[in-house]
Amino acid sequence: GGSGLRPQGGLHPGPDGRRIPTVLDQLKTGASGEIAFTDSRGVRCIEAGGPEPGTGCAGRGIIVAMEEIRSRGLLDDRDVVLYDVLGDVVCGGFSMPLREQVADEVYLVTTSDFMALYAANNICRGIRKYAHSGRIRLAGIIHNGRSSVDNDSLLRAFAAELGTTVAGKIPMSPLIGQAELERRTVVDCAPESGPAQAFRALASVLLDNRGGCIPEPMTDDGLEALCRKAAPL
């Protein structure tokens, strides 16, 4: 079986699209009810939750949620655990899977825009820091095609500079937004579509991939030069 852990409140990916209570919501109300919910495909889903917008630290919410999840042993019998977290290594909470060594591999999901690559490069600095004290490794780049700038060769060059490869690409498609509105996955809504096939191919790569690298982050000037070369004015 697999588990999915998300840092913010969201939607249960099962076919009925029901909303699920977050870990932090349960803790705030003093409830001791279920915080893990299994969908029709056997995926155990957990929403960590966060503070009200504009208040508190969402990263701190990740820390509290992980402590509760660990205390209940919800990840002990899983074959695969996915942490879906925002790429913010400045906030300590979001880097908890790295610091606490509860993850083995990191995949960076990014477009080929300069600022997105700048953020990804900064995350690699965090990965490198924690890699030297544990088993965490950069396993690859996942190309998010949802951008007006869609440069495959630039992303491959960026990955090569880091010492890794592009694991796959999720194409820009209105089907993804439509599936979100229906509270379903693309694979459920349009199983034979291009995006669904892309997700399946990516899943196969992630399951078969082993190991990874300690990334070699680019200098800011080097990254800017790479992007300028790929998209000159």
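Three strands form an open sheet in the order β5-β6-β7, with parallel pairing, where two strands count as paired if DSSP finds at least two bridges between them, and where strands (E, at least two residues) and helices (H or I, at least four) are DSSP runs numbered from the N terminus. This is a predicted model, in which local features need pLDDT of at least 70 and side-chain atom pairs count only at pLDDT 80 or more, while totals for chains, interfaces and linings use all residues. Residues are numbered from 1 along each chain as its sequence is written, and side-chain values use heavy atoms, with hydrogens and water left out.

The edge strands of the sheet are β5 and β7 (166–170), each of which pairs on one side only. Between β6 and β7 there are 4 bridges, and Ile141 has Val166 in β7 as its bridge partner.

Helix α8 (residues 194–208) lies across β5, β6 and β7 and runs at about 160 degrees to β7, an angle taken on a scale from 0 to 180 degrees between N-to-C directions, with axes fitted to C-alpha atoms, for helices over the stretch in contact (heavy atoms within 4.5 Å).

The largest nonpolar core has 38 residues, and Ile69, Leu108 and Phe158 have the most contacts inside it; such a core is a set of buried Ala, Val, Leu, Ile, Met, Phe, Trp, Tyr and Cys residues joined through side-chain atoms within 4.5 Å, buried being under 20% relative accessible area with a 1.4 Å probe and protein chains only. Helix α4 gives this core its largest share, 7 residues. Leaving aside neighbours within four places in sequence, Leu108 is in contact with residues including Ala120, Ile123 and Leu138.

Definitions and conventions:
Buried < 20%, exposed > 50% of the residue type's maximum accessible area, 1.4 Å probe, protein only.
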